[in-house]
Amino acid sequence: MTSTLLGYRRIAKGLDPPYDHAAYTSTHKRAPKNPPIRIAHTLSEITGPRFGAEMVGAGDADLTHFAGGEALGERIVVTGRVFDEDGRPVSGALVEIWQANSAGRYAHVADQHDAPLDPHFSGVGRVATGADGAYRFATIKPAAYPWKNHYNAWRPQHIHFSLFGPGFATRLITQMYFPGDPLLQLDPIFQSVPDAAARERLVCAFDLETTIPERALGYRFDIVLRGRDAIPFEGGGSGGAR
Amino acid sequence: MSRLTPSQTIGPFFHRALLHEGWNDLAARGAAGERIAIEGRVLDGDGAPVGDAMIEIWQANAAGRYDHPEDRQEDRHGNRPIDSNFHGFGRVATDSEGRFRLRTVKPGAVPGGGGAMQAPHINVSVFTRGLLKRLATRIYFPDEPLNESDPLLSTLPAKRRARLIARAAGAGAAERVLNFDIVLQGADETVFLDV
């Protein structure tokens with residue numbers, strides 16, 4: 001077997017949150033005590049599910065109306081590009097999103113926050129990236145909401161993102177935040193990312209060019225997935241730890 | 001300098017966005033191979049059920065081929081064809097008692113590093129509130145001769161190794177049933193992998 005494959009680059013220290021983060025109470029009983037075992041990349045990690053535009057139905061990228069009516073709240077457009085760490089666009093990739101409504105309530109049975117549901121807002125969307133890695137969806141700006149992590153704890157406004165990328169190793173679930181939110185400094189989930197510059201990359205940027213006159217404010221949010229290792233390996237697997 | 005986007009927790013409210021009809025049954029389209037069901041529970045450090053986890057699996061088909069352009073084994077051997085009825089991805093959420101169930105086919109062995117074969121395995125991602133990034137693990141199979149020489153299993157002490165191997169849990173009408181509990185923390189902690 002002589003074909004060469006490229007594994008994925010290891011995530012540099014500080015760029016990802018740890019499992020055990022004391023300020024985030026839910027980690028206490030859910031974070032493993034043993035460090036994960038590093039394994040060399042093989043076909044199992046390099047390959048991964050491929051979902052793209054075929055998963056996206058008409059209207060899936062527009063969350064501003066649902067069940068025959070207009071959602072309440074501040075309309076926004078969120079757009080950006082998905083790249084790998086070497087700046088190559090990740091095309092044809094499924095992006096799944098979910099969020100609270102403009103009152104800070106999820107359309108979910110487990111959300112007991114005493115804020116109104118909006119029958120015209122599902123809070124769920126899907127979009128696929130184009131050839132240039134670009135995606136775009138229209139939605140309502142989510143509100144902050146309280147949670148029980150500590151006394152008077154509030155989650156900053158955020159939208160959840162789920163992406164596959166090209167392989168099992170590139171799977172990413174994250175959250176996008178909004179610029180200038182005073183809750184960011186107090187949020188143990190946002191603050192769990194050790195590297196300050198990496199943390200700031202979770203905050204989208206207001207963008208006048210994306211803003212639609214008389215309709216919706218625009219925000220830009222680029223997403224960067226893991227890039228390839230520089231050194232190929234032989235035989236459908238790697239001989240050493242990476 | 002890497003501009004990687006950091007991971008954040010999936011939180012408790014993902015179900016409506018991420019669960020899709022039929023994604024818990026990978027064999028539904030009539031895939032070739034031995035039918036199996038994988039059942040298990042996700043438990044926390046107190047042994048309490050984790051009722052808001054999402055499990056994803058990714059695996060090769062019964063011939064040991066991944067449905068992905070970078071798996072070019074057929075080009076070399078001609079004997080590991082793509083199964084047009086099998087993609088190899090599944091996703092399921094745990095119920096309030098932490099239980100999950102997936103139906104699929106047993107994957108074939110796939111190549112590892114340096115020409116070694118890896119024993120048949122299923123790649124697993126675990127997401128839940130309280131996990132700031134996904135946990136990865138693998139499901140291996142009991143009574144599988146290749147387990148002895150598998151590049152990962154053979155490096156582990158016996159107790160840890162056993163945590164990666166599913167347990168036979170009987171036979172259903174149309175499939176073999178395997179049990180694979182995922183213990184996030186504690187003495188019986190699952191072996192998690194840094195991929």
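A residue is called buried here if 20 or more other C-beta atoms lie within 10 Å of its own, exposed if 12 or fewer do, and partly exposed in between, with C-beta atoms placed from the backbone. The two-chain complex described below is a predicted model, in which local features need pLDDT of at least 70 and side-chain atom pairs count only at pLDDT 80 or more, while totals for chains, interfaces and linings use all residues. Residues are numbered from 1 along each chain as its sequence is written, and chains are lettered from A and ligands numbered from 1 in the order in which they are written.

Confidence comes first. The predictor assigns the complex an ipTM of 0.96 and a pTM of 0.96.

Chain A contains 2 helices and 16 strands; helices (H or I, at least four residues) and strands (E, at least two) are DSSP runs, numbered from the N terminus. Its C-alpha atoms fill a box of roughly 60 × 40 × 30 Å along the principal axes. The radius of gyration of chain A, 19 Å, agrees with the value near 18 Å that a compact globule of 242 residues would have; this radius is taken over C-alpha atoms, and the globule rule is 2.2 Å times the number of residues to the power 0.38. Buried residues account for 45% of the 242 residues in chain A. Two residues are in contact if their C-beta atoms lie within 7 Å. Among contacts in chain A between residues at least 6 apart in sequence, 73% link residues at least 24 apart.

Chain B is built from 3 helices and 12 strands. Its radius of gyration is 17 Å, close to the 16 Å given by the globule rule for 195 residues, so chain B is as compact as a globular protein of that length. The C-alpha trace of chain B spans about 50 × 45 × 40 Å along its principal axes, and 53% of the 195 residues count as buried. Of the contacts in chain B with a separation of 6 or more, 70% come from residues 24 or more positions apart.

The two chains meet through 58 residues from chain B and 68 residues from chain A. On the chain B side, helix H1 (15-18), helix H2 (73-77), strand E5 (110-111), strand E7 (121-128) and strand E12 (193-194) each supply at least two residues. The chain B residues that touch chain A divide into 24 nonpolar, 21 polar and 13 charged; Ala, Val, Leu, Ile, Met, Phe, Trp, Tyr, Cys and Pro count as nonpolar, Asp, Glu, Lys and Arg as charged, and the others, Gly among them, as polar. Strand pairing also links the chains: strand E2 (residues 37-38) of chain A and E12(B) pair in the parallel sense over 2 bridges, where pairing requires that DSSP finds at least two bridges between the strands. Within this pair, Arg38(A) has Asp194(B) as its bridge partner. Elsewhere, Ala110(A), in the loop between strand E6 (94-99) and strand E7 (124-128) of chain A, touches Pro12(B) and Phe13(B), not counting residues up to four places away in sequence. Ala110(A) is exposed, with 12 other C-beta atoms within 10 Å.

Strand E7 of chain B also takes part in a hairpin with E8(B), with 6 residues between the two strands; in the turn, Gly130(B) has a positive phi of about 90°. The strands run antiparallel and are joined by 6 bridges, and His121(B) has Tyr140(B) as its bridge partner. In a regular strand the side chains alternate between the two faces of the sheet. On E8(B), both faces are covered: Leu135(B), Thr137(B) and Ile139(B) on one side and Ala136(B), Arg138(B) and Tyr140(B) on the other are all buried.

The largest nonpolar core has 107 residues, and those with the most contacts inside it are Val82(A), Val95(A), Leu163(A), Ile38(B), Val42(B), Ile55(B) and Val126(B). Such a core is a set of buried Ala, Val, Leu, Ile, Met, Phe, Trp, Tyr and Cys residues joined through C-beta atoms within 7 Å. Val95(A) touches Val127(A), Thr129(A), Tyr135(A), Phe161(A) and Leu163(A), not counting residues up to four places away in sequence.

Two loop residues deserve a look at the backbone. Asn152(A) has a positive phi of about 60° although it is not a glycine; it lies in the loop between strand E9 (145-147) and strand E10 (153-155) of chain A. Asn152(A) is exposed, with 7 other C-beta atoms within 10 Å. In chain B, Asp143(B) has a positive phi near 55° and is likewise not a glycine. Asp143(B) sits in the loop between E8 and helix H3 (158-162) of chain B and is exposed, with 7 other C-beta atoms within 10 Å.
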